[in-house]
Each structure stands twice: as structure tokens, then as C-alpha cells.
Amino acid sequence: MYKKVELKDGFVGMEHEVAENWKKKDIIKKNFAMNEGKRYFTFYDGPPTANGKPHVGHIETRVMKDIIPRYKVMKGYKVIRKAGWDTHGLPVELEIEKKLGISGKEQIEDYGVEKFVKECKDSVFTYVHMWEEMTNKVGYWVDMDNPYVTYHNEYIESVWWALKQMWEKGLLYEGHKVMPYCPRCGTALSSHEVAQGYKDVKDLTCIAKFKVVDGQNIAGEGIDSNTYILAWTTTPWTLPSNLALCVNKTYEYAEVKVTISNEDEEPKYENYILAKDLIEKVLKDKEYKLVKTFKGEDLLGTKYERLMPFGEVEGKAFEVIHGDYVNLDDGTGIVHIAPAYGEDDSFVSKQNGITFINLVDKSGKFVKEVEPWAGRFVRDCNEDICKWLANENKLFGKEKHLHSYPHCWRCDTPLLYYPKESWFVAMSKLRDELVENNNKVNWYPDTIRTGRFGKFLENVIDWGISRDRYWGTPLPVWTCEDENCGHQECIGSIEELKQKAIECPKDIELHKPYIDNVHLKCSKCGKKMNRAKEVIDCWFDSGSMPFAQWHYPFENKEMFDNNFPAGFISEAIDQTRGWFYTLTAIGTALFKRTPFENCIVLGHVLDEKGQKMSKSKGNGVDPMVLLDQVGADATRWHFYTVSAPWLPTRLGLNNVQETRKRIFKYIMECILILCFICRN
């Protein structure tokens with residue numbers, strides 16, 4: 001029996017009484033044990049990062065996740081609700097860097113990788129008590145006593161198995177590509193990680209003047225000796241590495257004669273080449289005369305003088321090439337090409353045989369060859385580069401431009417596109433299969449299937465999974481130390497590792513640096529094989545949870561078979577570039593299907609005025625204050641009723657209190673109706 005709840009306790013007091021009764025009578029575990037031997041309904045719990053504090057958005061996800069499994073249990077299904085913790089990756093590493101007062105890979109290695117990894121491991125569950133308290137208070141019934149944990153050896157072994165399957169299918173490969181790269185963290189990022197970090201920023205942009213080499217013809221006519229090609233860039237720091245200019249051969253371009261000075265008796269002129277449709281936009285109020293027009297195709301092969309004299313360039317360079325991606329939305333219709341710092345730049349350069357030069361080091365600073373700015377972070381040099389160009393009569397103009405620029409999703413550093421050796425999963429080979437599988441999923445709302453997520457899959461690129469970091473699932477690829485041999489092997493289990501290792505501890509810890517000390521004997525030449533130094537994208541860990549939570553295929557095969565695919569998952573809309581994608585990608589690669597059948601995509605939680613919650617605005621809502629002052633039932637009911645789950649939800653103490661009043665009014669109306677029915 002409950003003790004009498006004092007009036008001052010109200011709804012929150014009653015909730016505490018109910019929770020105590022659940023605990024006393026072991027109600028939650030009894031619910032988990034219900035319907036043994038009955039048909040399974042599977043729910044997957046997306047793993048939160050255990051070393052991060054829960055926020056009010058996590059209440060929304062827990063509320064929405066809770067309602068479907070409860071309903072299915074009442075309908076007679078066996079529903080396993082296994083909680084999970086995402087424990088690897090940059091989120092953990094960054095917290096430890098802050099704790100130790102260090103920053104970047106060099107300082108981590110000075111501190112000691114083994115000590116750093118131990119700190120990461122010890123910190124993983126720093127805030128787990130907050131998660132458990134919030135979960136219990138909100139009434140989310142999930143098994144937190146037996147969770148899956150991504151850093152456990154068993155979990156890692158299942159991830160290794162998955163990578164081995166991809167290796168054997170020819171989907172896992174090493175390649176050299178220009179990739180989004182965080183210079184602070186010192187590692188490349190995958191496309192779905194980059195998609196989570198775009199910000200609107202005002203950057204300095206400029207139009208540079210590239211002088212055409214004398215004695216050439218365009219469309220059969222000679223070129224004036226004072227002619228320049230105008231090219232616009234939002235990244236002036238890439239101009240020292242310019243190797244080509246790119247036009248669209250189908251567009252119409254023009255040569256114009258522009259008055260640049262009237263101070264002398266004889267006016268001074270320069271001739272400029274740019275897209276015809278952008279003349280007015282670029283030249284603005286300048287006096288000009290149209291000399292001639294021609295197709296972009298007529299510009300191809302035109303040579304120009306090198307813009308900036310830094311670093312040695314060998315091979316084909318400094319000429320005009322074609323690219324389909326060049327458009328007339330901004331700039332001059334002509335794109336400056338630095339093959340080392342852009343995916344499109346790299347692609348068109350390879351197509352046209354343009355050489356390669358990289359004048360930036362891995363910390364994002366100019367190398368010594370770029371003498372004026374050597375050792376400085378490249379994005380800090382934009383203004384100085386424009387001044388240099390102006391002094392050399394190579395700057396047409398500059399201005400601040402608002403554009404969307406990618407930042408590191410964890411440390412907030414502006415990313416660079418940078419040439420990297422990396423390991424990839426060839427998702428582009430599975431593009432059609434991904435789209436087909438996605439179309440079989442019931443998305444709520446369905447526009448996610450055809451729009452935000454569907455379009456992402458239609459344009460999917462290969463997944464760069466390797467990370468030059470420390471705390472993560474190690475990439476299980478070993479390479480022969482003999483360069484003439486170069487044989488590689490991917491290991492798919494601890495047993496296979498022990499069979500092929502020269503020496504391996506009985507209780508091997510699979511993390512760095514311990515796994516780096518395990519060497520294999522090359523099956524081709526007999527020499528020593530070393531493990532690739534990288535760890536993998538922590539999103540691969542979370543996307544592996546359908547099988548790795550059961551240590552499949554090494555045990556629990558029947559349990560996995562009974563619970564794959566999931567009948568239901570739910571997370572916020574940002575997971576279309578995160579967990580929803582990695583589940584889909586890995587499920588398609590391994591099992592030829594998406595690992596979930598129904599997905600409710602949740603909108604963001606906003607403040608009472610409809611503004612995005614943020615620390616800087618101070619408009620966030622503490623989840624524990626909300627639950628303690630207003631109560632879990634009112635909060636749950638607010639999320640269920642105030643709007644469709646996939647729409648943004650306004651939330652604050654005041655409007656949840658209003659929801660509580662409506663609940664009380666509704667209960668009283670029901671009581672009055674029942675009284676009326678009973679009396680009559």
C-alpha cells in the first residue's frame with residue numbers, strides 16, 4: 001500500500017511513490033520477463049555517449065522510445081529493451097584533453113598513449129549516474145543493468161568480424177583522397193560527420209587576377225598582352241597552391257576591356273575574362289567595353305602565369321580545364337583549382353593530368369616554403385594573402401561573404417580539405433541497394449525516406465572509416481613490413497589473431513597501444529606484419545549494435561536471429577547523418593537489408609519562444625529541474641500531445657505546467673462523467 005501523499009507533494013510526490021513501488025515490487029524486471037516464449041518484437045536503443053551529460057532532448061527521445069515497447073508487451077510480444085553506451089571516439093578524448101590541460105596529438109603522445117587511453121577508459125561512465133537518474137525519473141523502462149558497451153572486448157570482436165566480412169567482399173580498401181580534416185584533432189572525418197557540423201560564417205573572399213601568357217589565341221583570335229582571367233575563391237589561403245583554372249565548356253564567356261585608371265593623360269586599361277552572364281555582377285560600376293564572346297570550350301588549354309611563387313611545381317599545371325560542377329551562382333564562372341584542398345579540385349585535376357602540390361602541414365599551418373606565412377594557421381592568413389596579391393597587382397577585389405562552412409562536430413574547429421591516406425568502405429558500390437532497402441522502411445514522416453535521408457543515400461560516397469586517434473576500435477588490418485611484399489590481412493576474431501600472431505597475450509586488450517604490440521607472421525614472405533596505426537570511426541561502433549550487442553556471431557546466434565531486424569527505432573532528425581545512416585550502411589553491407597522496419601524521426605526541442613536552446617542564450621531547460629518541479633507524467637504527456645513527434649516541440653517549465661493543468665482538468669472531467677453515469 002502507498003503511504004498517504006501530502007497535498008504539497010502533488011503530482012511529483014505521487015510519481016515518487018509510484019517509482020518506489022516499482023522498485024519495491026521489482027515491477028520493471030517483471031515486465032521485462034513477460035511473454036517468455038512468445039513472438040519477439042524488437043526495439044533497438046541508440047547508444048548515447050556515456051561521458052556526456054543528458055539534456056532535455058534526451059527526455060524527448062526516451063519518452064518516444066518508451067511508448068511503443070510498452071504497447072507491444074501489452075499486446076503479448078516478448079520485447080527485449082537492452083540499453084547501450086557509446087564509449088569510444090573524439091567526445092571522450094576531448095574531455096580527457098581538457099582534464100589534463102593538453103591539446104592535440106603531439107601533447108597526447110608526449111603524455112603517453114597508454115596513460116591517455118587509460119584515462120579515456122576510466123572516464124567513460126563519468127555521468128552514468130545522471131543518465132540512470134533521469135531515465136528512472138522519466139519512467140523509461142530499459143534494461144540498464146545489462147547494457148552493451150562499445151569498448152568491451154566482446155563488442156570490438158564483433159566489429160572486427162564485420163570489417164572482415166567487408167574485406168572479403170572487396171568493400172574495405174585503403175586509398176589516397178582529399179578529405180575533410182580537423183587540424184586540431186589531427187584526423188579525417190567521414191561525410192556524415194561533416195554534415196553535422198556546418199555553420200554559417202562570414203569569410204573573406206577574393207577575386208584573383210591570373211595573367212594570360214602572351215602569344216596565345218582564343219577562338220582563333222589573338223589575346224591582348226594585358227589580359228587576366230578572373231577567378232573567385234572563398235578560401236584565399238589555397239591560392240599559393242593554385243595549379244589550374246576551371247570553366248564549364250558549355251557556358252558563354254567574354255573578354256572585356258576595363259578602365260582601371262584615368263589619372264594620367266592616357267587612360268589605363270586591363271582586359272578580363274569571365275562568364276558573360278556575370279559581367280554586371282562582378283564589374284559593378286566599372287567602365288568596360290565588350291571585346292568578344294566565346295564558349296568555355298574555346299578557353300580550354302589556355303596557359304596563364306603562376307599566381308604565387310611558393311614551392312616547386314613539377315608536371316602539368318597553370319592552364320584552363322573543364323569541370324561540370326562549375327556554375328554561375330556566384331563568383332566569375334571560373335574556379336581556381338588547388339588539387340590538395342578540395343574534392344572537386346582533386347577529381348578534375350586527376351581527369352586532366354594536373355600535377356599536385358601541398359603547402360600545408362597536418363596541423364593546418366603553412367610549410368616553410370610559403371615563407372611570408374610559414375608556421376601560421378592557414379585560415380588566419382586570408383587577409384595577408386589578399387594584401388600580397390594587391391601589392392603584386394593580382395587582386396581584382398575582396399569582400400566578406402556569408403556562406404555555410406564545415407566545422408568539426410566535436411571540437412568546433414573549422415575543417416580543411418586535405419590530402420590523406422585513409423581506409424574506406426566502398427558504399428558507392430552499394431548505392432542502388434541502399435536506396436532500395438531504404439524504400440522498404442516505414443519512416444515517420446515519410447518525407448525522410450524520399451527527402452533528407454533518401455537524397456543522402458542517392459548521392460552516397462565511400463565512407464572514410466579510419467581515424468588517426470587513440471581511443472577507439474582498432475582497425476584490424478596488418479601489413480607486411482617488407483615493402484616489396486606488402487601483403488595485407490584483415491583479422492576477424494581474437495582466435496584468428498592468436499593463431500596468426502608471432503606472440504599474443506592470453507588476455508589481450510584490443511585497444512591501443514596494446515594491440516599495436518601484436519605482430520603477425522606474413523603468410524607470403526614470412527616477415528613481420530604490423531597493424532595499421534588507425535582506429536575506426538566511432539559511428540561504425542554504434543551502427544554495429546544490432547549484432548555486436550549480442551557478441552554475434554561468436555555467441556547468441558539464436559537471440560540475434562530472433563531480434564533482427566528491429567521492429568522500431570527512434571532518434572532525433574540529426575541522426576539521418578549519424579546512427580540511421582550507419583545502421584543502414586552496415587546492415588546493407590553485411591545482411592543486404594536495413595536493420596529496422598519502422599523509424600520515428602523526432603524534431604528538435606526548442607524553448608518556449610520557439611528558439612533553439614543553447615548555452616550562450618541561457619535558454620536551456622535542465623532536465624532534472626523539469627522532472628522535479630513539474631513531473632514526468634506532465635512532461636511525457638507534453639511531448640505526446642503538443643505536436644507531432646517529427647515537428648519541433650516548444651518546451652519550458654511554464655508550458656509543461658500548462659499541460660499538467662490540462663491533464664488534471666481532463667481527469668476531473670472523466671471522474672464527473674463516471675459519477676454521472678453511475679448515478680443514472
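Q: How many helices and how many strands does the protein have?
A: The protein has 23 helices and 28 strands. Both are DSSP runs numbered from the N terminus (helices are H or I over at least four residues, strands are E over at least two). This is a predicted model, in which local features need pLDDT of at least 70 and side-chain atom pairs count only at pLDDT 80 or more, while totals for chains, interfaces and linings use all residues. Residues are numbered from 1 along each chain as its sequence is written, and side-chain values use heavy atoms, with hydrogens and water left out.

Q: What makes Trp131 a buried residue?
A: Buried means under 20% relative accessible area (exposed is over 50%, partly exposed is in between, with a 1.4 Å probe and protein chains only). Trp131 has a relative accessible area of 1%, so Trp131 counts as buried. Trp131 sits in helix α7 (residues 128–138). Across the protein, buried residues make up 54% of the 680 residues.

Q: Which residues is Trp131 in contact with, leaving aside neighbours within four places in sequence?
A: Contact means heavy atoms within 4.5 Å. On that count the partners of Trp131 are Pro48, Thr49, Ala50, Gly52, Lys53, Pro54, His58, Arg62, Trp85 and Met144. Asn51 lies 80 residues away from Trp131 along the chain, yet their C-alpha atoms are separated by 9.9 Å. For the protein as a whole, 77% of the contacts with a separation of 6 or more join residues 24 or more positions apart.

Q: What makes a group of residues a nonpolar core, and which residues have the most contacts inside the largest one?
A: A nonpolar core is a set of buried Ala, Val, Leu, Ile, Met, Phe, Trp, Tyr and Cys residues joined through side-chain atoms within 4.5 Å. The largest has 69 residues, and Phe210, Met308, Phe366, Trp373 and Leu389 have the most contacts inside it. Strand β5 (residues 198–211) gives the most to this core, with 6 residues. Trp373 touches Met308, Phe310, Phe366, Cys381, Asp384, Ile385 and Trp388, not counting residues up to four places away in sequence. Apart from this core lies another of 54 residues, including Trp539, Phe540, Phe564 and Ala585. As background, nonpolar side chains tend to be buried together in soluble globular proteins.

Q: How do you know that β25 and β26 pair?
A: Two strands pair if DSSP finds at least two bridges between them. β25 and β26 (residues 598–602) have 4 bridges, in the parallel sense, so they qualify. Ala572 stands opposite Leu602 in β26.

Q: Why are β17 and β25 called edge strands?
A: The sheet is open, with 3 strands in the order β17-β26-β25 and parallel pairing. β17 (442–444) and β25 (569–572) each have a single partner strand, so one side of each is left without a neighbour in the sheet. The twist averages 20° from one strand to the next.

Q: What angles do helices α3 and α20 make with β25, and what are those angles called?
A: Axes are lines fitted to C-alpha atoms (for helices, over the stretch in contact), and angles run from 0 to 180 degrees between N-to-C directions. Angles under 35 degrees count as roughly parallel, over 145 as roughly antiparallel, 65 to 115 as roughly perpendicular and the rest as oblique.

Q: Why is α4 called roughly perpendicular to α6?
A: The axes of α4 (residues 90–100) and α6 (residues 113–123) come within 9 Å and cross at roughly 110°. That angle makes α4 roughly perpendicular to α6. The contact involves Val92, Glu93, Ile96, Glu97, Lys99 and Leu100 of α4, with Phe116, Glu119, Cys120 and Ser123 of α6.

Q: How do you know what span to expect for helix α1?
A: The expected span is 1.5 Å times one less than the number of residues. Helix α1 (residues 10–25) has 16 residues, and its 23 Å from first C-alpha to last is close to the 22 Å expected. Its buried residues are Val12, Gly13, Glu15, Glu17 and Asn21, and their cover includes α2 (27–32), α21 (623–629) and α22 (632–641). Just after α1, Asp26 takes a positive phi of about 55°.
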